Each structure stands twice: as C-alpha cells, then as structure tokens.
Amino acid sequence: MNSRAEKFHLQNKELVQNLYNGLCSLLDNLEMNTMPGEEEKGSLSGLLDSYAESLKRHEKSNMAVIRRVNAPGADSFDENNVIKELSGHNQSIELLLRLGREKMVDVADKLLLEENGKLLVKCGYCEEIIVEKTGRRYYVLSSKGEKSFRNKTIINQLRKDVNSAIVPTEIIFETSKWSNIYSQRIDMLSFYYKNYRQTSDYIAFTLDELKEMVFGCEIEDGQDVRYTFACVFENESKDENVNQLKSLAGSGLIDQILLLTESGEQQMDLVIKDGLDPQLIPELSYFVMQ
Amino acid sequence: MSVITQNKLFVEEERYKEEVYRTFDGMASSASSEVRLKKASITRGSFDDKEAFMMQGQLSGAEKRRREIEQLVGKLYDRPYFSHVEVSMEDDEYDREHYFLSDCESLNEMVPVGKDGYVLPFKQDRERPISGALFHCYQSKKGSSISYRGPQGDEFVFVPQSICDTDIKKRKLLNVIQLYPTPDVSQNSADELLESKLKENRDNPTLRNIISTLQQMQFEIIKTDTKTNFVVQGCAGSGKSQCLLHRLFFLRDELSQDGWNGVLLLTPTKLFRQYSAELVRRYQLSDIDDCSIADLYITLLNAYDVRFKDRQYKYQLTEEYLPNGYLFAVYEEENVVKIEHEIDNALRKYVQAGCKALGIEEPAEITALVVEDIVKQLDEEMKAFDIREEALQQNDEYQEKRKEYEQLLKDVETNKKKKQRYTDEIESIAARRRELDLLVETVNEVEKEKADWVHQREKRVKDAVKKLEEVSRKFERGTDLQAPAKYAQQLFIVKNLTEGRKFLEDEEYLVFLDEYISQAKAELQEFTKDKKVKNIIDRYAKREQEVNGNLESISGEIEEMLTRIEEYSEWLREAASNFEGEEARITLLRSEMERARYFLVRLESTVFEQEVWNALSPVKEQYGIQKIQVEELKDGKHKESRILYKSDLLFYIRIYMKLHPDANLPGYSLICIDEGQDLHRADYDILHGLYPKAVFNVFGDVNQVLHATCGIREWERQTGISTVYPLTTNYRNTAAIVEFCNEHFDTQMEYVGGVDKKQRPIVVTDIDNSWDRIASEDLVVIVKDRESYEEFCKDAGIETDSFVYLDTTSVKSTEKQKECYSIFAAKGLEFSNVFVYAKHMTKNQKVVACTRAMGGLYYYE
C-alpha cells in the first residue's frame, strides 16, 4: 500500500472496517446459499456510497496546490551557455537571484515584464505556475535556473558582474520537491511582502529538514533578527508546527516572529487554543491579511 | 475708616461735590459783589479828586480778580476733581482734611473748600509739598501713613482715611468708586469705571489728559525721580506718549526751574508733533525743545560750526524710504566702528601733513584748538618763507642752488615712482606665482582626494562582500538560527553599496569630484593659456631677477640723490639762516604748507567729504541710494549738491565731537525720547557721548520697530539703560481690536473690558466690490508706502487723487479731506476708523496700523 492509500485508510478506519465486515457477512451468506435480504443490501450499499464519497474527498484534498502553466521544453542545461546568456546582463542576474531568494515572484512584477525579465523567461530560467487555491500566478525557478544556482563555476562568473551574487545553497529548494503546505506558505509570504510591505527584497528560507517551516526575512538595514511566518497548517502537523514556533520564539536568539493569518478568527484560535499568545510570548506578533 | 455701601458713598460724595461747587459759586459771587460795590462808590462820587484815582484803581483790581475767578471757575466747572482723598493728621484722628484732586492742566493754585477742604492740581508742586505726598497716596491706594516736608522743612504726617475716584460732569455726580478702603462687592468696580472712561475717550481720537485713567505702572513711570534713566517698553495703545507728556506735566514745577532749557523731547515726525501740539500747549510744555533726532543733529551741527549752514548740502532726513538692507549695513556696529577708524585716521593724516610741513612733532591729542594752532604756525611760516625768498632773489648762487635743489626733488620723486613700480611688479610676480602654485596644488589635491576616495569605496564593497560570504557559509551550515537574518542584513549592506541609496550617493559624490577636478583644471588652464607650468615658472623667475636688478640700481640712485638733496637743503638753510640772522626752522617748500593749511582750515568737512563719504559710497551704490542732486541753472550749467541722510549727519557729528569736545552746545539734562525703538544704537551712543550726564527717559516698543532689520531690539544692551518698565495693557483700542491683533499677529497685549461682537474688525476680502460702502464712513486709510497706495487705489477702483497721501515728510492740512497715511507717518497717531491695506507690510507694521483705530477697523490683505 502506498502512503496516500495508507493515509486514506487511517483517516477512514471505522468506515473501512464496517465495509469489510459487511462484505465478509455477504460472502458468508453467499457461501451458505442465502440471499441477502433488502435490509442487508441497503446497509452495504450505503457503506459503499460512503466509501466512494470519502475516496473523492481524499483525492481532492491531496491534489497538487500548484499547477505548472508553461514548463520550458527540454531541460537543456549547459554551463557555458548559461554564462554566455547571462554575462553582462546584470539586471537579469539580479532577477534570477531574487527568484532564488523569494522562490515565487508575481508574473505582473514590472521587472519581469521588462527586457531583463523576458530574457530569463525566454532562456528557460523560470517557469510560470498558478496557485490553485488563490489563483495567483508566479514565476519560479526552473530546473535550469536551479542548476545554474548550484553550479559554482557559473556563480563565480556571475559574481564578476554582480557583487551580491552570493546565495547560500541552503536557500535553494527545487520546485518539484515543494509540498503543498510549503507552496501555500510561500504564496502567502509573497503576497504579504508585495502588498503590505511594498518590498520585494526578502529571502524565503526554511529552518527544518522537512523544508516545511518556511520563513521570510526582509533584506533591510538593522541588527534585529525578525522573521515572518505564514500560518497555514495541516491538521496532522499543526501541533508540531506550533511547538516549533514556540520553541523558536523562546530560543532567545530571535527578536520577533510575525505570524501572518488570513483572519482575525484564525488569530484568536492561535492565541487561545494553540497558545501562540503575544502576551505570554512577547517575541510573537500578528498581522491579519484581509 | 470703614467700608460703606454704594448708596451711602454716593450720598456722601454728592454732599462734598456740592460743597465744592458752592465754593465756586461763592467765589464768583463775592468777586462780582466787590466789582458792583466799587462801581457804586464811584457812581456816588462820595470822595474828593485825589481819591477818585485810587477808587478807579480799586475797581480795575476788582474787575481783574473777577475775571481771574471766572476763568478759574470756568475751567473747573465741567469737572472740578477726579478723585477725593480724605486724610487725618497722625496725631489727631479726628482732624480731617479733604483733598479734591483736579486733572485740570491749567490749574496752578490750590482752591480752599469749606474749612477743611482743598481743590488741588494733581502734579508735583514746590510751593505745596503735600501735592507730591497726595500723589503717592493716590497711587498706592493704601492706608499707610505718609510723611512730607513743608516749605520750611517741618515734617508732616497724614493717614489716608478714604480714597475715591469720581466721575463728575457739569455739576452732576455720575459715579463714585471707593478705592480705599477695599470696596464692598455691591459697589461698581474700578475696572468698569475705567472702561467707561476709556470708551468715552475713544469718541474723540486725540492725545488727551488721561490722569483720571492712569494705572499703577503708569503712576510709577510718571513719578519716577528726574535722576533715573529708564525705558518704558509699552505695547501699542498702552499710553506711552501720554505717560511721557504727563510725566513732564507732573514734573513741570521742578523741570521749569531752569526755564525748560534742560529738557529735550525727541519725537518721531512732524505729524506727531502736530498731533500732540494741543496737549503740549494745554500742559504748558511748549517751551521744551521738541524735534526729531535728525533735526537735533542739524541743530547741533549748526551750533558746532556757523559755516555748516552755508555748505552745499541737501537733506533727506526721513528713513521711511531707505531700504532695510542699507539701514542695516550703515548702522551695523561693525560699520560704525569702521567709519570711526576712518575718521580718526583721516584726522591724524591731515594733522601729520601740517606737522611735517612745519617740521614739528605730531600732537598727542587732536582737537580744534590744536589744529588752529598748527594753521597759525603754517601762516607764520609761509609769511617768513615769502619774505626770505623775496630778499634772496638777488643772490645768484642761492637761486642757482634752489633751482638745482627743486630739480633734484622732482627727480627723486620720479625715481621713487619708478622704484614703486618695480616693487609693485615684484609683488605682482610673487602673487602670480602664488596663484599658479595654488592652482597646481588644487588640481593635485582634488585628484588625490578622488583616488583616495575611490580606493576607500572599493575597499568598503570588498569588505562587505567578504562578510557576506562569511555569513552565507554560516547560513549553509544551518546551525545558527540568526544566520538568515544576518545574511539578509549583510546582503542589504552589499546591495546598498553596489546598487542602493548609498551607491547613488557615492556616484553623485564621484560626479562632484570629477566636476571639481574639471573646474580646477579649467582654472589652471585659464591661467596658463595652455602653456606648460614649468615654462611659466621659469619665465617668472627670469623676470623677477631682472626687476630685482633694476630695483637695486634705482634704490642706489635715490640714495645718492637724497644725500645731495640733504647737502643742498643744508646749504640753503644756512643761507637762509644767515639772511635771517639766527638759526631758524626753515621749510623749503611752500606748496606743502599751502596744501596742509588748505585741509586743516576746513578739517571737519574735508574728513566728511573725503573719507566718510568715500567709505559710505559703496553701500549707498549697492542699495541705489541717491548721493548727488543735480540742479539745472539758468546759464545752462549744473549745480551738484551732496545729499545727506540722517546716518551721514550722525557721522558728521562724530567728527565734530572729536575735534570740539568743549563746544558750546544746547545743554540738556533730561532727554525724553518717544518711539525710541526707531532710533539706532549709534544714535544712543551719540546722545550719551554728547550728554554724558543727561538722564534718559525712553518710551517705545521693540515690537513696533518699523524697519525689519534695524532699530532697537534689546533695550539694555543697545541703549545702556537697565531700568525697563513694562506696559502690557492696551487702553487705546477696543478689546475686539486687541484680540484681533493677538490672534492674527501673535501679539500678547492685554485689554480692558470684554469683546463687543459689534466692534469686531471687519476683514475685507473683496475690496473692489465693497469699497463704495466702506468709503462712505469717516475713516483714514493706512498703507505701507506710496507704491502700496497706488496699488490700493487700483484694487479699490478709485483715482489716486481720492485721498491726500501723507508720509513722514508731510504736514497735515487743516482742511477736511480724506487722508491716506504711510505706516511710518501713522506711527504714534490715532484715528476713529481705519482701513488697513496690509499688503507688503511686515508683521510689526500690521500691528502698528491696526492699533491706530480707536473704534472701527477694516483690514484687507
């Protein structure tokens, strides 16, 4: 059994058991040449309908959150070609770095619409995606873009043009490996920085090995350690995520964690039910995205 | 001594008032009876011829007394007294006396009323020392005993029992307020009485007798002794001018002892003197010298020198039309000191020339007497010279030597000029060389500065990138929770340096450095005209060597000539001495003596017209101040006259003060100045210098300085007078006008009474359409100056001859006509209704303009 089936069975344990029991009973009766009565048939039919419904629901909930729109053709990665394509195009290099730092950049971003942005798209360094839930469209690094980042020869060459082309490999996280929760959190962070901070200068990074606890950190002058976290949770991992947040906030190493929520109710739930209370943990603060 | 109710007070005062009037009636009746009696006696003829003459004399005496009494009663009838003070003698509480204080300015005597009352003029009176004590008593409004010395030196003490202010009009008692003892609440308040009196005064805008409305601080000022210097810093409408005149009136007896010669009253304009003339006349102060500071300067210059009036000058004494910048520059302390130095140096220079021509030592001190003595010596020396030269005409050898001597003098002068030219050239070469060095140095310095800066900038970027690499590695290790933030912060620094705000600033600075270098190079190129610097320096060195050679040569020649001149002069002196029979001090050149004498006999005007005039000319030219007036004469020729402004007179006087310290000038011991803030520190210095022992009473308001950049801002520092009395309440204007000024111009004037909505000033917004309605009222217009007046006429849609325009040079006509005043001319005056056209006025000028209105105020800006 694959993990998705296992997950489904765990979530519908009682229903599956009842259906199993019903089928076993039907088989026993058939072996004894006893035809199942109307009541028995009706009960089993009801169980089957419920099973089919649950399957549909499960399928829907585990559908990919993002959809690729125009994936570049063959992933033709060639070190020399990349250097040739990007050398001297400082603005394009800057944009590529930004895509690496922020992961998702709005397709309507005016820099991407300019010549430098078009070069990246044309040469296949980025691809367009849609976040299904919000309908927002972004550019993300393509496989070629990611490979370019990981290639030391390329990066060293690009640094001759752009001094800030120093990107920790820790930041790079292939789009193909993004989980739904990761995508949703990045989407929310991107929306927050673009619409509420009016800045595109930030980095999105993770602080756990599963790469799900994604934070934003603004590229700004100052000494404080201030991170932003998008409060999107999955039921099964919520408690763990909440504990991770509490642990980080209480570490004494972080000055502020700004929690982005979709509503005031969500904020109240997190404060009251989950204990993410700024009065108790002063490093925490909230921002409700209307 | 007790507090009584208003009704009782009124009844009692009515009784006293009637007693006063009955006294007047009795005096008039008795005088008339006496006349009738004398006439009857004459008519009866019951006396012989010898007695007839005496009877006629007695009749005319009786008639004279009747006229005097009628006059006295006439002037007291309208308002016999404004205050009633009841006192008891210290040793007998029941021995009471009643003093009815009169503010009648022409009352000079005490009028007995009943057996223990007196109508008394309210001023200091030598013959009646009790008047001063009563003044003090009225002012203090307390029951403390007061002592004074009688005419024989005996000491008297009285205790005030009650002090009441009264309001009597033509035998009718309108109001009475008990000031001491403290009044019962049921009485009318003193403030209400004051308010009603002020309101009454506003109906007729003129300087008036305000004794009955005087307040505590005003009393203090009026009675301050004549030995104390003080300044009254009073806001607009606080009664400064009245205080000044009342003070002179109050002290009249004391001040007039020397026939008023010791008092000088400085007032701002002719219009103000016209305006205050009536009160001055009524107070019998007309004998006081009353003029503007500029008029005083002219008077003093004429007193210093009878020739002054014949000098060809034109006067522009008002400073109304002089630009702020000019006044600031000319009265600035630094400039005044500079001109003083010019004067001192010039005096010394001309005296030196005289002494040199005479061969005598310079005097330690330069005065007119010293100068006169030098001129006298020069006259004598020239006379001796002429006699000697005439007698030696026949001596051929003398004549030959003199000729050669004079030729040598000419030659040595020529060579000296040559030497000077060489010296100048050496200096010029050195200066050019310094300039070139500086230009080369500047280019090198700015290029080095740029190189250093670029290096530092690159290092900053390199260091920042290096640090970014370090924090990036920490980030990659994933063990430091702060690493992402540190990376983000360092990335900001790198981006800021390489593409952000700091980068743009650095780029701008780089452009600036490049421009600076270009400019320095362009200046160098302009100097070198594309020639090599080294070649230029070599050329300078070569020329310098040549000129130094010439200089050495000519210096030798001069030296040699001077020796020969000395030999010749020795010979000539000896010849002259032989002729005169004694060893005389001989001057060999007449022209030197003539020239020195020419300047010394007119030293004051020479110093002014040469040094002072030339020193002040640049600033006059800078501000477009006319210096010369040219008149066309009938024969087609022109006559040019220098135009002297008040500041010129000030420096002219300085020259005279230095040369004539003992001049016979009008002597003033008390100098009273109205609108004292519009004088300058230099004026006060002159007055203190001329009259070091005089007492100064200055009345003004630093917030009403009309010129924006000059005048007095700090009384003590700029006038040297440390006692400053503040007057902060505006009594002249209605509360509505005062509040308007406080709101609109940030003044902090206090006022009496409450704001009557009907009296609120009207701010006019549409002058074009509303002027006809406004103009129907009896009002004067106040504008900044003539240009503003023309603008006002244009805005209001009226002709410029609709008003008579009055400025500080004007004299008010007696004809009834519509008047428009410049703000300088309106200063110190008051009007019933005023339209202020405030365009172009400063804040101070707006306050002055608005506070001229006693009743209605229209304001347009």
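Helices (H or I, at least four residues) and strands (E, at least two) are DSSP runs, numbered from the N terminus. By that rule M89(B) lies in strand β1 (residues 83-89) of chain B, and chain A has twelve helices and nine strands. This is a predicted model, in which local features need pLDDT of at least 70 and side-chain atom pairs count only at pLDDT 80 or more, while totals for chains, interfaces and linings use all residues. Residues are numbered from 1 along each chain as its sequence is written, and chains are lettered from A and ligands numbered from 1 in the order in which they are written.

**Chain A and its interface with chain B**

- Two residues are in contact if their C-beta atoms, placed from the backbone, lie within 7 Å.
- In chain A, 67% of the contacts with a separation of 6 or more are between residues 24 or more positions apart.
- A residue is buried if 20 or more other C-beta atoms lie within 10 Å of its own, exposed if 12 or fewer, and partly exposed in between, with C-beta atoms placed from the backbone.
- Of the 290 residues in chain A, 29% are buried.
- At the interface, 20 residues of chain B are in contact with 20 residues of chain A.
- On the chain B side, the elements giving two or more residues are α13 (396-477) and α14 (483-498), and α14(B) gives the most, with ten residues.
- That side of chain B divides into twelve nonpolar, five polar and three charged residues; Ala, Val, Leu, Ile, Met, Phe, Trp, Tyr, Cys and Pro count as nonpolar, Asp, Glu, Lys and Arg as charged, and the others, Gly among them, as polar.

**Nonpolar cores**

- A nonpolar core is a set of buried Ala, Val, Leu, Ile, Met, Phe, Trp, Tyr and Cys residues joined through C-beta atoms within 7 Å.
- The largest nonpolar core has 133 residues, of which Y297(B), I782(B), V836(B) and C850(B) touch the most other members.
- Not counting residues up to four places away in sequence, I782(B) touches Y821(B), I823(B), A826(B), V834(B), V836(B), A849(B) and R852(B).
- Another core, of 73 residues, lies apart from the largest one and includes L97(A), V167(A), C231(A) and F492(B).

- Axes are lines fitted to C-alpha atoms, for helices over the stretch in contact, and angles run from 0 to 180 degrees between N-to-C directions.
- Angles under 35 degrees count as roughly parallel, over 145 as roughly antiparallel, 65 to 115 as roughly perpendicular and the rest as oblique.
- A crossing is left-handed if the near helix is turned anticlockwise from the far one by less than a right angle, and right-handed if clockwise.
- Helices α22 (residues 735-745) and α26 (residues 843-850) of chain B have axes that come within 10 Å and cross at roughly 170°, so α22(B) and α26(B) are roughly antiparallel.
- I737(B), F740(B), C741(B) and F745(B) of α22(B) make this contact with K843(B), K846(B), V847(B) and C850(B) of α26(B).
- Helices α9 (residues 293-304) and α19 (residues 646-659) of chain B pack at about 35° with axes 10 Å apart, and α9(B) passes α19(B) in a left-handed crossing.
- The contact of α9(B) with α19(B) has eleven nonpolar, no polar and one charged residues.
- Helices α5 (residues 216-223) and α6 (residues 240-250) of chain B pack at about 50° with axes 8 Å apart; α5(B) and α6(B) are therefore oblique to each other, and the crossing is right-handed.
- Helix α20 (residues 681-690) of chain B has the buried residues R681(B), A682(B), D683(B), Y684(B), I686(B) and L687(B), and what covers them includes α9, α10 (324-331), α11 (333-358), α19, β14 (670-674) and α21 (715-719) of chain B.

**Individual residues**

- M89(B) is partly exposed, with 15 other C-beta atoms within 10 Å.
- Leaving aside neighbours within four places in sequence, M89(B) is in contact with D95(B) and F158(B); the C-alpha atoms of M89(B) and F158(B), 69 residues apart along the chain, are separated by 4.5 Å.
- The peptide bond from Y180(B) to P181(B) is cis, with omega near -5°, and P181(B) is in the loop between β7 (172-180) and α4 (190-202) of chain B.
- N33(A), which is not a glycine, has a positive phi of about 55°; N33(A) sits in the loop between α2 (13-31) and α3 (38-61) of chain A and is exposed, with 6 other C-beta atoms within 10 Å.
- K529(B) has a positive phi near 50° and is in the loop between α15 (501-528) and α16 (533-580) of chain B.
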